[in-house]
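Please open the model in your viewer and keep the selection panel at hand.

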Amino acid sequence: MTSADMDVEKYLLRIGFVASAEPSLEMLRSVHTCHLLSVPFEDLTVHSGGQVQLDLPLLYDKIVNRGRGGFCFENNGLFSWLLSKLGFRVTLLSGQVKNHITGRYGPPFDHLIAMVTLEGRRWLCDVGFGSSGFTTPLSLDTRGLQEHGHRVYRIREDRDMHFLEWQGEENRGAGGDWTEIYKFTLAPRCLEDFTEMCQYHQSSPSSIFFCKSLCTILKPDGRLTYIGHRLITTTFPTAGTGKTLETTTRELKDEEIPVILAEKFGIVLNSPLIPKDEAITPPPVMY
């Protein structure tokens, strides 16, 4: 397919969103959340004999026509195109994720995110991250706490570098312990800038996407995650009920995985999946 075949209305139908006439913060927040609730964050192409290519018509066909998801370059790349078509001013940014397993940051262009400038204010958008991702855009003009349900985030600035941080599945206020999620600059990028790192994440033993077959999606009350031979269900705390975070894990047999992907995530692969859940090798270079 070509860019001429990329239909905004079909994309909006895919994520269950009805656009209003003019771009607004309310629209931005709503379309961001709808995308996270509808499009999985997944790397199953890597583990079913395929290869991800950063070509917008190919990404559109995969995510919109075939009901798939993708990793950051795919989900955020296509989402940025949608936002621009809806009338938003969008700038692609390069981020570097801090791996919670290795404790190290990834290389430059490790993560693709988007900045939306609206009525003089800047908003960080990210529909291509995993369990620690935020549901609605975060303000880039706020240095204080930004609460999202039971979670709290902040964006700390150190010269030209910005650091996205959170307190895990808790909110202990400004004095609590903060964990870095990723760092980024506000230098404008284009989708082609991420081509080399897209290949890296499909072939490097230092990348989670090469080492683990995974698929995760936000739910109204939690998150559902597939990794290797496990299905993990997370239920978020409910305000005022005293309920805490709950996580259950189900071990899967090989023959159960395609059924789970189809029934729970709406994903049907064209080629057989090879489940994978290997340890991640720390990168040789410190970033």
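The tour goes from the sheet to the helices and then to the pocket.

This is a predicted model, in which local features need pLDDT of at least 70 and side-chain atom pairs count only at pLDDT 80 or more, while totals for chains, interfaces and linings use all residues. Residues are numbered from 1 along each chain as its sequence is written, and side-chain values use heavy atoms, with hydrogens and water left out.

Begin by selecting the eight strands that form an open antiparallel sheet in the order β5-β4-β3-β2-β9-β8-β7-β6; strands are DSSP runs of E with at least two residues, helices runs of H or I with at least four, and two strands pair if DSSP finds at least two bridges between them. At the edges, β5 (138-139) and β6 (146-148) each pair on one side only.

Next, select α2 (residues 25-38) and α4 (residues 72-85), which pack at an angle of about 145° with their axes 12 Å apart; the axes are lines fitted to C-alpha atoms over the stretch in contact, and angles run from 0 to 180 degrees between N-to-C directions. Show L28, V31, H32 and H35 of α2 with N75, F79, L82 and L83 of α4, the residues that make the contact, where contact means heavy atoms within 4.5 Å.

Finally, select H100, F129, S131, S132 and I208, which lie nearest the centre of the largest pocket among its 46 lining residues. A pocket is an open set of points on a 1 Å grid over the protein atoms alone, where a 1.4 Å probe fits, with protein on both sides within 12 Å along at least five of seven lines, and lining residues have an atom within 4 Å of a point. Among the elements that each supply at least two residues of this lining are α5 (195-203) and β10 (214-219).
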